[in-house]
Number of protein chains: 2
Amino acid sequence: MRALSRQLVALLGRGVVPTGQPIATADDVGLVRGDGCFDAMRVLGGGAHAVVENLDDHLQRFEQSARTLGLAFDSGAWRSLIAEAVAAWPDLPEAVLKLVLTRGPELNPGVPTGFLTITELNLDAMRRARAGITVRLLNRGYASDAFADAPWLLGGVKLLSYAVNAAAKRVAEAHGDTDALFVSSDGYALEGPTSAVIVRQGDRLLTTPTGDTGILDSVTGRQIFARAAGEGLDTAHELIPVSTLFESDGVWLASSIRGVCPVTRLDGQQLRVDHDWNARLAAWGGF
Amino acid sequence: MRALSRQLVALLGRGVVPTGQPIATADDVGLVRGDGCFDAMRVLGGGAHAVVENLDDHLQRFEQSARTLGLAFDSGAWRSLIAEAVAAWPDLPEAVLKLVLTRGPELNPGVPTGFLTITELNLDAMRRARAGITVRLLNRGYASDAFADAPWLLGGVKLLSYAVNAAAKRVAEAHGDTDALFVSSDGYALEGPTSAVIVRQGDRLLTTPTGDTGILDSVTGRQIFARAAGEGLDTAHELIPVSTLFESDGVWLASSIRGVCPVTRLDGQQLRVDHDWNARLAAWGGF
């Protein structure tokens with residue numbers, strides 16, 4: 001992977017700082033325990049004309065993650081910091097805005113660390129993925145109801161503790177695939193390491209329910225479902241057996257950054273791909 | 001919890017740096033994805049007379065964690081950094097040495113971030129815990145064989161992605177208990193968030209096997225078992241049903257920092273506590 005070329009960094013309570021300057025101390029539990037949360041969305045353009053896509057939805061999910069972790073959250077401070085950062089960002093076609101909140105330094109308890117980055121996206125890689133990806137099924141080790149009555153498992157929180165997601169992606173790539181799709185130990189499709197799964201059966205769209213499954217509530221998935229329902233399609237949140245993926249009329253992995261990517265091959269097996277439906281889902285997702 | 005009072009920080013490839021100085025950039029995937037590993041051990045005393053407990057064992061486990069994550073590891077560089085740091089550390093009764101290695105900055109791929117901290121231990125809290133702890137059972141959501149053939153789940157790796165462990169501890173404390181003990185979805189004792197479980201049945205000691213369970217290989221647990229076996233006791237690594245905990249002659253949570261802590265109450269139920277056995281296990285564990 002080539003190094004991404006441009007990045008802006010800003011600290012909550014302080015503003016834009018030089019890129020590449022260290023910002024977290026050695027005792028920050030975000031760093032040493034992955035104890036914190038994040039959220040990510042696209043920035044289109046920069047300066048006065050920049051658009052932060054679905055900012056309200058992402059900020060709301062970010063706040064929900066923070067509150068589940070018991071971290072104080074100041075929505076107004078985040079909005080101000082985002083506005084300052086985006087105004088200082090150059091006019092590039094696509095970038096990713098990442099918001100990060102950690103429980104803060106262990107030696108200074110009760111003072112969370114908040115920061116954001118805006119990073120230029122590799123457009124070639126994005127375009128390739130939006131045209132089609134190949135995916136490997138990986139067992140997540142959890143049953144589809146593992147998160148029921150287990151708040152300590154932090155289901156639905158976009159955690160900084162993301163090492164398994166990163167490892168799953170590396171394993172998929174080692175198999176020659178683009179990405180992974182997690183499967184529950186009882187055989188249902190869950191989510192990708194950084195995406196939601198959407199399945200088409202005729203005029204019906206399916207996705208995995210949040211809640212007991214522990215998966216993240218996808219902003220892009222929610223938007224696609226709202227617009228599809230608005231056009232009269234049947235949409236449902238229900239557990240999707242792996243066999244259903246192979247028998248479906250289309251499978252997509254949807255995320256706010258990479259977009260709505262049609263899965264062309266799953267575990268080495270070709271899937272049905274319909275270009276009209278790809279275009280519809282991409283448009284509904286804002287891509 | 002009171003703030004810990006003294007800390008030393010040193011960077012791999014650079015040496016000791018001022019405490020409290022930020023050391024990780026905003027794009028370090030150790031910070032934003034918990035993508036890295038750590039290990040921790042006690043330092044007794046400081047300067048020329050300091051003893052780093054079980055350094056070889058911890059360094060070996062740390063290297064194993066790094067290699068499982070595909071991170072380059074230079075054992076000699078770590079030993080030099082540890083020697084330099086310990087020499088600069090004041091002569092205090094007990095401190096914790098933590099070694100951290102992350103996959104490094106996303107914008108500068110292939111350059112891991114390595115650092116260590118030495119932090120003064122709160123001796124009062126340690127002494128209280130070594131005298132006895134109360135523990136809450138929490139379902140970890142994984143079956144006892146969930147990590148078989150699933151290397152992407154990173155079983156046995158002391159990951160920076162530790163948010164669930166931290167959350168479990170908070171939930172236990174909210175119940176008025178000292179700590180948690182994770183249970184598999186099929187009803188076996190796994191490990192504490194930062195400790196191994198040891199159970200006594202007469203002259204027999206049991207602990208949970210590593211491997212398919214995904215639990216960490218405990219340096220202290222291994223040492224206790226080696227010394228117990230040397231004194232003729234029967235020791236076994238086998239799956240421990242939760243009911244066995246309640247019917248046993250003693251349960252301990254063992255870790256390199258907090259020591260070998262007898263569990264006096266489990267899920268609100270008193271357990272058998274034998275002071276002679278507590279003393280034996282503590283001595284075998286080096287406490």
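**How chains A and B meet**

Every one of chain A's interface residues, 100%, is also an interface residue in chain B, so the copies meet through the same surface. Keep in mind that this is a predicted model. Chain A brings 52 residues to the contact, and chain B brings 52 residues as well.

Now for how the two copies are arranged.

How much area do chain A and chain B bury between them? It comes to about 4,300 Å², and 67% of that is on carbon and sulfur atoms. On the chain A side, the residues that lose the most area to chain B are A:Leu31, A:Leu107 and A:Trp152, which together make up 18% of what that side buries.

The rule finds two salt bridges between chain A and chain B. In a salt bridge between A:Asp35 and B:Arg170, the side chains meet at 3.5 Å, N to O. Residue pairs in polar contact across the interface number 20.

So which elements of chain A touch chain B? Those supplying at least two residues each are strand 1 (7-11), helix 1 (29-33), strand 5 (95-102), strand 6 (113-120), strand 7 (133-139) and helix 5 (163-174). Helix 5 of chain A gives the most, with seven residues. Sort the chain A side by residue type and you get 33 nonpolar, twelve polar and seven charged residues.

How values were computed
Residues are numbered from 1 along each chain as its sequence is written. Chains are lettered from A and ligands numbered from 1 in the order in which they are written. This is a predicted model: local features need pLDDT of at least 70, side-chain atom pairs count only at pLDDT 80 or more; totals for chains, interfaces and linings use all residues. Side-chain values use heavy atoms; hydrogens and water are left out. Contact means heavy atoms within 4.5 Å. Buried area is the accessible area (1.4 Å probe) that two parts lose on being put together, summed over both. A salt bridge is a side-chain nitrogen of Lys or Arg within 4 Å of a carboxyl oxygen of Asp or Glu. A polar contact is a pair of N or O atoms within 3.5 Å; within protein, one must be able to donate a hydrogen and the other to accept it, and residues adjacent in sequence count only if both atoms are side-chain atoms. Helices (H or I, at least four residues) and strands (E, at least two) are DSSP runs, numbered from the N terminus. Ala, Val, Leu, Ile, Met, Phe, Trp, Tyr, Cys and Pro count as nonpolar, Asp, Glu, Lys and Arg as charged, and the others, Gly among them, as polar.
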